[in-house]
Amino acid sequence: MSVSLRRLTVPLIGLAFFASPAAADGGRMAGWAAAFASGGAAAVLPAVEADLASPSPDPMAAGIWLRLEAALGRDPAASAARLPPVARRRLGEALHFDPAADARLLAASLAAAPPAAVAATGNAALLAELGDAAAVLGRWDLALDYRLALRAARPDAWSGVAVLLDHLAAHPSPEQRRRIATLASPAVPFDLAAEAGGALLPGDRLAWVRRWLIDHPDDAGAWRDAGSQLMALERWAEAADAFTHAAALNPFVAAGTLRATALLHLGRMDAARAAIASAAARLAPAGDARNRLELGHVARALAAAGELGRADGTLAAALALWPADPVLLLEDGRVQRALGQPVRAITPLRQAVDEGGHAVREAMTELVEAWDAAGKPVRAFQAYKALRRKGHRPDPALAVAAMRAAMAYGDFAAADAVGDKAEDAAPEAPDVLAARAEALAGLGATGRAAEKMARALRLAPPDSGRLSHLEIWSDGGDLPDLRRDMPWSAAVWHAAPPAEPEAELAAAPHLAWPYLDLAARAADPAAARAALDRGLAAIPQSLPGQRAVLLGQRASLAADDRALADLAEAERLGLPEGEVARRRAAIFAARGRWAEAAAAAWAWAVARPDDGAAMAALFGPEIVAQLGWPSVFTRLHGWVQRNPDDRARALEALRWQAGPGGCPVQAVAAAEALAVGDPTDPRVAEADRLRARVMARLSRLGTVRRLDTATNRLDIERTDGTRIRAEFHPRSGRLIRYADGPAWMQAEWQADGTRLHSLADAAGDLLTLDWQGGRLAGLRLTGGAPLHALLGPGGAPERIESDLPPAAAKAAYDAAAAVVAAWTADDLAALPELPRQDPALDRLTAAEQTDGDRARLATAIYLIDHIGDRRAYADEARARLGIILDRAMAQHPQTGSPGMEAARQWRRLALAAWPDGLNADASRRWNAICAWAGDPALDRDGPVPAQQ
């Protein structure tokens, strides 16, 4: 069970005033919360300090004081010196005590405060902290005693309910389930939860917490738990709202970063930053502390949302300002490991350990694991021993990391020695026992190994990732017994399927439901459906999450309307949105309903943006035909950037970029990135092969003279000496500009490159696309053969308005549609022949080679006279005028050169382009022109205000 180290600092805080504790005073907490909300940490700190010095302090006062000091960026040890002596005594050893650093000290804290004694005082905060401390040591029976006492002490607080639900999920032994079942209540039917097995799913907890909130709408902890369950169900918008409620009710509830994480999943980066900045402003009103908090929380939220690339950049910026901040260093190490760069994680983790503070324990474990992940288990074990020499005592997590490192290079004796000391300190820690069993098995002590593994399995039944533990215990011989003893463990069912499944399911389908996952994959769909039907009949309605899972499994047995109905019900009951979308996409695809399959596949990729299978689904031929290459490749770009150091992800992206619809420049860029690194990596060879394929395809058009991955540009020279030039969008890889000799075509895209707005060409034609409600509703062509086509929902033209004869209008529309299709597909070889400039413009452009600025000015005037609403011509004209103006202003001639006429034409062009007032850049140029020429010289007929 993972327990926050910050929360673990509280047990001894509680012991410091255990002799005369007071029950939590809701009035005091409410007052502090109000002061915090209005004035931040500095406003509430004096009140908390006064409470610490009072005869009967609030049990939460010491913990809140420590959090406020840390938030303000101050050293609590130094701040404590200014407190009254009685307050300092109450803080006691908390300022120097890190319970996880010494399991013996933590065990002593538990011995000093037995559940019955603490329960008699009504000190709910201390009961919660001691329950978590007991769980860290694997003392599940003692943890349950504290948690049952907490539930009795705070019957109207969700926190007492939540810890029992956590306990059911972490240690679902039959005896403990029966004890918890005695607390059945209308909001949370613990008896049903205890009977249903170990799969306490988010849908179950969400249903229960919502029932609780009906009667307790001001319970901030309940709102926070609701948000957590909604995030597990991938319902990000609802989760953000729940965290907003929690923070509004009690700003001490750690909901800010969680809310930001939910907002990031929605793509609302600005809102996430604003939420974190607001929380940081309350915690640290001014100075470096506020900025440090803000950047740290942003980085954590980004990492939690899977945006590892942006998290890496944010941490780099934060560490540039605060290079010795241990929390930032720890987060940096974690992000580097998540990016697949364990070697890069070692330096910040070492520094975090040296800096000390409350992050040191996590940093030590991360450091040992980073060395191991880097393929250096010897160095990992040496790092562990160096930490021990410095006086650090291992907690269970650090000990297990060291044991696994030693076993990785075959030193099972060293691993067992570490395990022996760790077990002495934490005799009921299941991870320590399991790791020691592996070490003993490696030494050949199979009897002792079996005994340790049996204890580990009884303390914490394995998940599917620990099936090897079962083999150590019994070599498979006793697995049926284990399944009978622990029917709530899905891993046991998978490892030891029942000999008579029908009889087992009939006897206890509510316990055997994990096995139904296997039944759903059976060769006989009818038998699987019958098994799932029995499971659904047996599981109570009050466990919607479990029912949702079975409904989702039943939906996977067919692709009919019944399957869709099952999915709809599963979605309502709490099947995660990504899972619903995945199964729905498969059903629609099996039925050939590709528009709906594409929408579901897109929803799947949005709900699970790091899922490679979801990304691959978008590249299915029928799916991409519905979504379009621009949207799919933009999604691919985002998928890579979320974890830019993931070489496996980069290779998948290269495969897609090298295939149909891919961007050749981006494919080469991906191949070059993969070429950096270990030359023996097989991915390097495949990247070289794919790069060669892309270059061979381009060579069929001519000789590649330039391929610039920094600017996304490509130049190809034909055998006749003419050149093809192409420029691509940096995200979607779609064409922005394409020139074939003197002919050219240019596109205007939506900012992210997913939606084409217009195409202009050298002949003066402008093709504008009309989008309505997310679909292409019309095409408008102006220039040589004007027309306006209105498109129906299926994309076919419903009406074509043109002065041309009907057949000619239809042919013009077909040609325009073909250009759009070829342009968005980015197949250079498939692009239609580009229209040529008219002879007059050709002559003017050629004259620039000999007549310089005068021909350039004549060309610009010609373009302006033929612009209308053709933005591509406007860009070209402005470029020509800009050259003339820059030269004229640099040489200072106000008359006798093309400069003055260029200024007048620039004004004419600016008034056409910005009728509501110049933008900032154009306004600056206008002011420079006026200063050079003088206001009267331009014959202005009124000011040109800048846009605000």
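1. Ground rules. This is a predicted model, where local features need pLDDT of at least 70 and side-chain atom pairs count only at pLDDT 80 or more, while totals for chains, interfaces and linings use all residues. Residues are numbered from 1 along each chain as its sequence is written, and side-chain values use heavy atoms, with hydrogens and water left out.

2. Overall make-up. You'll find 50 helices and ten strands in the protein; these are DSSP runs numbered from the N terminus (helices H or I, at least four residues; strands E, at least two). Of the 948 residues, 51% are buried, meaning under 20% relative accessible area with a 1.4 Å probe, protein chains only (exposed is over 50%, partly exposed in between). Among contacts (heavy atoms within 4.5 Å) with a separation of 6 or more, 55% are between residues 24 or more positions apart.

3. Main core. The largest nonpolar core has 160 residues, and those touching the most other members are Leu110, Trp158, Leu165, Val188, Trp208, Phe619 and Leu636. A core here is a set of buried Ala, Val, Leu, Ile, Met, Phe, Trp, Tyr and Cys residues joined through side-chain atoms within 4.5 Å. Helix H26 (residues 396–408) gives the most to this core, nine residues in total.

4. Beyond its neighbours within four places in sequence, Trp208 is in contact with residues including Trp158, Leu165, Val188, Ser542 and Leu543. A second, separate core of 44 residues includes Ala670, Ala747, Leu759 and Ala816.

5. The sheet. Ten strands make an open, antiparallel sheet, running in order from S1 to S10; two strands pair if DSSP finds at least two bridges between them. S1 (703–708) and S10 (797–802) are the edge strands with a single partner each, so one side of each has no neighbour in the sheet. Neighbouring strands are turned by 10° against each other on average, direction ignored. S1 and S2 (residues 713–717) are joined by five bridges, and Thr703 stands opposite Glu717 in S2.

6. A helix pair. H16 (residues 220–232) packs on H18 (residues 256–265) at about 30°, axes 11 Å apart. Axes are lines fitted to C-alpha atoms, for helices over the stretch in contact, with angles from 0 to 180 degrees between N-to-C directions. That makes the two helices H16 and H18 roughly parallel (under 35 degrees; over 145 is roughly antiparallel, 65 to 115 roughly perpendicular, the rest oblique). Arg224, Ser228 and Met231 in H16 meet Leu258, Thr261 and Ala262 in H18.
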